[in-house]
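Hi everyone, thanks for coming.

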Amino acid sequence: MKLMKRRIPLELFELLENWLSESYACVKWGESWSYIFKISSGVRQGSVLSPVLFSVYIDDIAQLQNNLTGTFVILYADDILLLAPSVTALQKLLRACEQELDSIDMSINVKKSCCMRIGVRHDKLCSKITTMDGRELVWAEEIRYLGVFIVRAVKFKCSVDQAKRSFYRAANSIFARVGRLASEEVMVQLLKHKCLPILLYALEVCNLDKRLLQSLDFTVNRFFMKLFRTSNIETVRYCQTVFGCELPSVLLVTRYDNFIKKLACNPL
């Protein structure tokens, strides 16, 4: 029905219908195979066409924002982010989203869903947000969306604590294996290409203040102190210059500029 509303050619429609209606699978466990069963719904994982078909399937959810002033619906695969200017508007948007999902045989996973308030009243007690069947969504102080941790605050704010922990985990793992065998140049290259991307993942879209930028710089400086066995910050900065390793505060400026350029070339 979603495809027919978009008036796709009948020949293509029949081809897709025939292709997806003849899907079968089985389960392998060790050396044993289950019986073959028919898959009556869904798209084939790994297919180039599957993301397009799934996008068409849930696209009407994104249109719900047109019915409520000031609300926004952000979709990425099966992750849904609902933005509303008030608790009442959020409840209405959630209800509309549930009704649309119910019409396409899908539902919200309450255990993986939560609410957060950002603004001058972020620390005030909020009314309960409930689903159609009466289940409550918790009000959280921190949420994770697409790998980015957003915290409750007066304005939009991200947390870098998890990013720093992941950076230390990756850097120390590499150092433990080859730290005393490989040259410093090799270690710095591994740091730049394997560890820094983990630390800086998606941070160019976040409005990081000076304190958070200094925290990211300190994280990299600490590893350099360990690598070159020194506590002198001037020595560390000299080594970073020699090996061409820029600090996160510098890298994020370039990454932010590139992000804005790409966004300008691909308007929503």
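This is a predicted model: local features need pLDDT of at least 70, side-chain atom pairs count only at pLDDT 80 or more; totals for chains, interfaces and linings use all residues.

The chain has 9 helices and 12 strands. Its radius of gyration is 24 Å, well over the 18 Å that the globule rule gives for 268 residues, so the chain is more spread out than a compact globule. If you draw a box along the principal axes, the C-alpha atoms fill roughly 65 × 55 × 40 Å. Of the 268 residues, 33% count as buried. The chain exposes about 18300 Å², and carbon and sulfur atoms supply 56% of that area. As for contacts between residues at least 6 apart in sequence, 56% join residues at least 24 apart.

Now, the charges. There are 36 positive and 27 negative ones, and their mean positions lie 7 Å apart. Side chains of opposite charge can pair when their charged atoms come close. How many salt bridges does a search of the whole structure find? The search gives 9.

Let me show you a few of them. E100 pairs with K2, with the closest N and O atoms 3.2 Å apart. This pair links distant parts of the chain, since E100 sits in helix α4 and K2 in helix α1, 98 residues apart. Are these two partners buried or exposed? E100 counts as buried because its relative accessibility is 16%, and K2 counts as buried at 15%. Both also belong to a network of salt bridges that links K2, D60 and E100.

Next, K128 bridges to E136 at 3.3 Å between the closest N and O atoms. Here K128 is exposed at 58% relative accessibility, while E136 is partly exposed at 44%.

Then there is E141 with R152, at 3.8 Å from N to O. E141 lies in the loop between β9 and β10 and R152 in the loop between β11 and β12, so the pair ties together parts that are 11 residues apart in sequence.

Finally, the two single residues. N221 is in helix α7, residues 210-228, and is buried, with 9% relative accessibility. Beyond its sequence neighbours up to four places away, N221 touches I233, V236, Q240 and L247. A84 is in the loop between β6 and α4 and counts as partly exposed at 31%. Leaving aside neighbours within four places, A84 contacts G70, T71, A89 and L90.

Technical notes: Residues are numbered from 1 along each chain as its sequence is written. Side-chain values use heavy atoms; hydrogens and water are left out. Helices (H or I, at least four residues) and strands (E, at least two) are DSSP runs, numbered from the N terminus. Buried means under 20% relative accessible area, exposed over 50%, partly exposed in between (1.4 Å probe, protein chains only). Contact means heavy atoms within 4.5 Å. The radius of gyration is taken over C-alpha atoms; the globule rule is 2.2 Å times the number of residues to the power 0.38. Accessible areas come from the Shrake-Rupley method with a 1.4 Å probe; for residues, only the protein chains shown count as cover. Lys and Arg count as positive and Asp and Glu as negative; His and the chain ends are not counted. The place of a charge is taken as NZ of Lys, CZ of Arg, CG of Asp or CD of Glu. A salt bridge is a side-chain nitrogen of Lys or Arg within 4 Å of a carboxyl oxygen of Asp or Glu.
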